[in-house]
Amino acid sequence: MDWSMLFSTPIGELLGRRSEQQRAREGARPAVGATLCCAGLRMTVQAGMGDDLWQWLVQLGWRELQPRESRLQFRPLPTSLVTRLFDGPPADRDRVLLAAIRHSGHGSTTRVVLPERRPARAT
């Protein structure tokens with residue numbers, strides 16, 4: 001780390017607080033009824049969200065909406081497709097989330113980056 005980075009980096013980040021906060025946010029699964037947001041979109045957490053689904057959403061950039069943020073600035077995903085996302089098998093998550101995004105925006109240009117799919121092992 002050079003001197004310019006040392007002086008331009010916030011003290012909390014230098015002391016490691018930011019990384020601890022990031023780990024806490026990723027590790028804590030939101031409660032039912034919480035609002036998740038990503039790239040101008042929002043969805044409500046429903047019953048049935050497991051830890052594996054939460055980790056998958058975090059990898060995509062989804063996070064819980066902070067109390068100071070207005071949920072009205074985010075477009076809602078269709079409830080029926082969010083229900084299908086939460087209740088469906090992990091293999092269908094990509095397809096269901098993309099369908100929900102397509103139905104939310106009527107011609108929007110939201111860019112979605114999905115995690116790499118790992119090939120299934122032959123046993």
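Two strands count as paired if DSSP finds at least two bridges between them. Strands (E, at least two residues) and helices (H or I, at least four) are DSSP runs, numbered from the N terminus. This is a predicted model, in which local features need pLDDT of at least 70 and side-chain atom pairs count only at pLDDT 80 or more, while totals for chains, interfaces and linings use all residues. Residues are numbered from 1 along each chain as its sequence is written, and side-chain values use heavy atoms, with hydrogens and water left out.

**Stop 1: the hairpin**

Select residues 35-38, which are strand S1, and then residues 41-44, strand S2. The two strands form a hairpin with two residues between them. In the turn, Ala39 has a positive phi of about 50°. S1 and S2 run antiparallel and are joined by four bridges. To see one of the pairings, pick Cys38, whose bridge partner in S2 is Leu41.

Now show the side chains of S1. Which residues point one way, and which the other? Thr35 and Cys37 point to one side, Leu36 and Cys38 to the other, and all are buried. Buried means under 20% relative accessible area, exposed means over 50%, and partly exposed is in between (1.4 Å probe, protein chains only).

**Stop 2: the rest of the sheet**

Leu36 has Glu64 as its bridge partner in S3. With all the strands shown, the order is S3-S1-S2-S4, an open sheet of four strands with mixed pairing. S3 and S4 (75-76) stand at the edges with a single partner strand each, so one side of each has no neighbour in the sheet. S4 runs parallel to S2, and two bridges join them. In S4, Arg75 is the bridge partner of Leu41.

Next select residues 51-60, helix H4, which packs on the sheet and touches S1, S2 and S3. The direction of H4 makes about 35° with that of S1. Such axes are lines fitted to C-alpha atoms, for helices over the stretch in contact, and angles run from 0 to 180 degrees between N-to-C directions.

**Stop 3: inside helix H4**

Zoom in on Leu53, which lies in H4. Leu53 counts as buried, at 2% relative accessibility. Leaving aside neighbours within four places in sequence, Leu53 is in contact (heavy atoms within 4.5 Å) with Leu85, Phe86 and Arg93. Leu53 and Arg93 are 40 residues apart in sequence, and their C-alpha atoms are 8.8 Å apart in space.

**Stop 4: helix H5**

Select residues 79-87, where Leu81, Val82, Leu85 and Phe86 are buried. Looking down the axis of H5, the buried residues fall within an arc of 140°, so they line one face of the helix. The arc is that of the directions from the helix axis to the C-beta atoms.

**Stop 5: salt bridges**

How many salt bridges does the structure hold? There are four, each a side-chain nitrogen of Lys or Arg within 4 Å of a carboxyl oxygen of Asp or Glu.

Show Arg93 and Asp52, whose side chains meet at 3.0 Å, N to O. This pair links distant parts of the chain, with Arg93 in helix H6 (residues 93-105) and Asp52 in H4, 41 residues apart. Is Arg93 buried or exposed? Arg93 is buried, at 9% relative accessibility, whereas Asp52 is partly exposed at 46%.

Another salt bridge joins Arg63 and Glu69 at 2.8 Å, N to O.
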